[in-house]
Amino acid sequence: MSRIAYVNGQYVPHAQAMVGIEDRGFQFADGVYEVCEVRGGRLVDERRHMARLDRSLKELRMGHPMSPKALGLVMRETVRRNRVRDGIVYLQVTRGEMRRDFPFPPAGTRPSVIVTSRSHDTAKLEKQAAAGIAVVTVPDVRWQRVDIKSVALLPNVLAKQQAREQGAKEAWLVDGEGRITEGASSNAWIVTRDGVLVTRPLQTGILPGITRSVVVDLIAREGLGFEERPFTVEEAYAAREAFVTSASQLVMPVIQINGRPVGNGAPGLIASQLRRDYHSQAEFS
Ligand code: PMP
């Protein structure tokens, strides 16, 4: 079955899905995106993803391509046409297509919208979660507005490639003070020796992850110890557990940092419990 993409008002096979060479997403990375989990054919936490998209668009002074409701319908239709049960739906909005020039195009220029969807290899993901993943640390050289979910991801690409070349699945980015900001495509967490969950606060150089926000709610519901504060690489080495969160990996245990085992070198109990319980806190639509 050929995959179907939504591109500016039309559903087309991937091979024929195109945007112009002067699209500002292509020329300047002048665009934003969202990745939403699909489970049982339904969208997970659509409301939170749409709210974050809204904020990203506002911060970059980009127009809304269509109402959140219409966008939700397009996402669902793209999922349906690709027969995705469990996977992700990807949405990208750019400032549109115009002769290449740095300032914004004239008001009324139509934003470009693309939506794609694909299935997870569920067995592979679960195997990965059961085994845990390795991470390596990389200096965080990104711009100061990483709170915006922009498609300008070159530092993330370089960090991920470095991780891959070192046999790791994720890169943990480190600020000038030796503290971890987040993963190249995930939020970073540790569990201290005392069993307290720690993750970096919002507004301190991280993307406000939707999965992170659901896990924060889950922690409150379960009454677990929680501190929102920056943590150092040294603290992470000494942690009992570590994990990352993202819409595509949910809660993924980290068992190795820079080649050193975390805790006893196996996925932690709290991370595994949060992964198991995750969808009881999520919203389906
Ligand atoms: N941080 C970064 C840099 C990311 O790219 C992502 C995933 N897109 C996340 C965190 C996790 O966000 P979410 O839980 O919304 O997928």
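In what order do the 6 strands of the open sheet stand, and is their pairing parallel or antiparallel? In this predicted model, local features need pLDDT of at least 70 and side-chain atom pairs count only at pLDDT 80 or more, while totals for chains, interfaces and linings use all residues. Residues are numbered from 1 along each chain as its sequence is written, and side-chain values use heavy atoms, with hydrogens and water left out.

View 1. The strands (DSSP E runs of at least two residues, numbered from the N terminus) follow the order β2-β1-β6-β5-β3-β4 with antiparallel pairing, where two strands pair if DSSP finds at least two bridges between them. Because β2 (10-13) and β4 (42-43) each have a single partner strand, one side of each edge strand is left without a neighbour in the sheet.

**View 2. The pairing of β1 with β2.** Strand β1 (residues 4-7) runs antiparallel to β2 and is joined to it by 4 bridges; Ala5 has Val12 of β2 as its bridge partner.

View 3. Arg52, Lys149, Glu182, Ile210 and Thr211 come nearest among the 18 residues around the ligand, a residue being near if one of its heavy atoms lies within 4 Å. In polar contacts (pairs of N or O atoms within 3.5 Å), a polar side-chain atom of Lys149 lies 2.3 Å from a ligand nitrogen atom, and a side-chain N or O atom of Thr211 is 2.6 Å from a ligand oxygen atom. The protein covers 94% of the 390 Å² of accessible area (Shrake-Rupley method, 1.4 Å probe) that the ligand has on its own.

Methods. Polar contact = N/O pair within 3.5 Å; in protein donor to acceptor, adjacent residues only side chain to side chain.
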